[in-house]
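Reader: I'd like to learn how to read a few features in this one. Can we walk through them together?

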Amino acid sequence: MAVSRTRKKKNRNRTAPVWEGRSVYALSAEAAAAGGPSSRNVAAGHRAAEADRVWFDRHPGASVRVRQALPGEYDHRPFGPGPLAPNEKIAVVVVQAAPGRRTRIPYQVVTTPTAAATISPQQLEEIQTEWESSDQTAPMTNQSGQVIDALGLMRALQTRS
């Protein structure tokens, strides 16, 4: 089926979508101005996804990983409009519902002694214990503006397949 010249003109100015996991982000100036992720966020998201894949490949029995967010991974401030202090780091919970099906959840802001310090292994263990004893939900807003439990949805999809 041929595409009309009008449709070609209309689509000429459209930016190509960028995939990060199962989320699609348009990297237009309007999206960035509206508080959407930047190309730096998307690149960091790809690096994080690859690092998580490698980690889960090395730990086949694990279903949860807690780590510090990579630089640029959550620059869009998941915990409010204000910037984090230099010694505040974001702890990310990565849940693997099935091999290759993972979700990253910015879970908590952790204060470190100095700006150069990272989240300690002991703090990461405490966060993982807290996560495992919690209700383990990942509330996210879908395209319709409804709040859904992304982790519950992933687990439901896994039981169907």
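Author: Let's start with a strand pair: S4 and S5 run antiparallel and are joined by 10 bridges. Strands (E, at least two residues) and helices (H or I, at least four) are DSSP runs, numbered from the N terminus, and two strands pair if DSSP finds at least two bridges between them. For instance, Val95 has Thr103 in S5 as its bridge partner. This is a predicted model: local features need pLDDT of at least 70, side-chain atom pairs count only at pLDDT 80 or more, and totals for chains, interfaces and linings use all residues. Residues are numbered from 1 along each chain as its sequence is written, and side-chain values use heavy atoms, with hydrogens and water left out.

Reader: In what order do the strands of the open sheet come?

Author: The order is S3-S4-S5, with antiparallel pairing. S3 (64–68) and S5 (101–111) are at the edges with a single partner strand each, so one side of each has no neighbour in the sheet.

Reader: Is Gln96 buried or exposed?

Author: Buried means under 20% relative accessible area, exposed over 50%, and partly exposed in between (1.4 Å probe, protein chains only). Gln96 has 14% relative accessibility, so it counts as buried. Gln96 sits in strand S4 (residues 88–98), and its side chain makes a polar contact of 3.0 Å with that of Arg102. A polar contact is a pair of N or O atoms within 3.5 Å; within protein, one must be able to donate a hydrogen and the other to accept it, and residues adjacent in sequence count only if both atoms are side-chain atoms.

Reader: And which side chain does Arg65 join in a polar contact?

Author: That of Asp52, at 2.6 Å. Arg65 lies in strand S3 and counts as buried, at 16% relative accessibility.

Reader: How do I read aromatic pairs?

Author: A pair of aromatic rings is described by the distance of the centres and the angle of the planes. Rings of Phe, Tyr and Trp (its six-membered ring) pair if their centres lie within 6.5 Å; planes under 30 degrees apart are stacked, over 60 edge-to-face, and the rest tilted. The whole structure has two such pairs. Trp55 and Phe56 are edge-to-face, 5.0 Å centre to centre with 85° between the planes. Tyr107 and Trp131 are edge-to-face too, at 5.4 Å and 90°. Tyr107 belongs to strand S5 and Trp131 to helix H4, so this pair ties together parts 24 residues apart in sequence.
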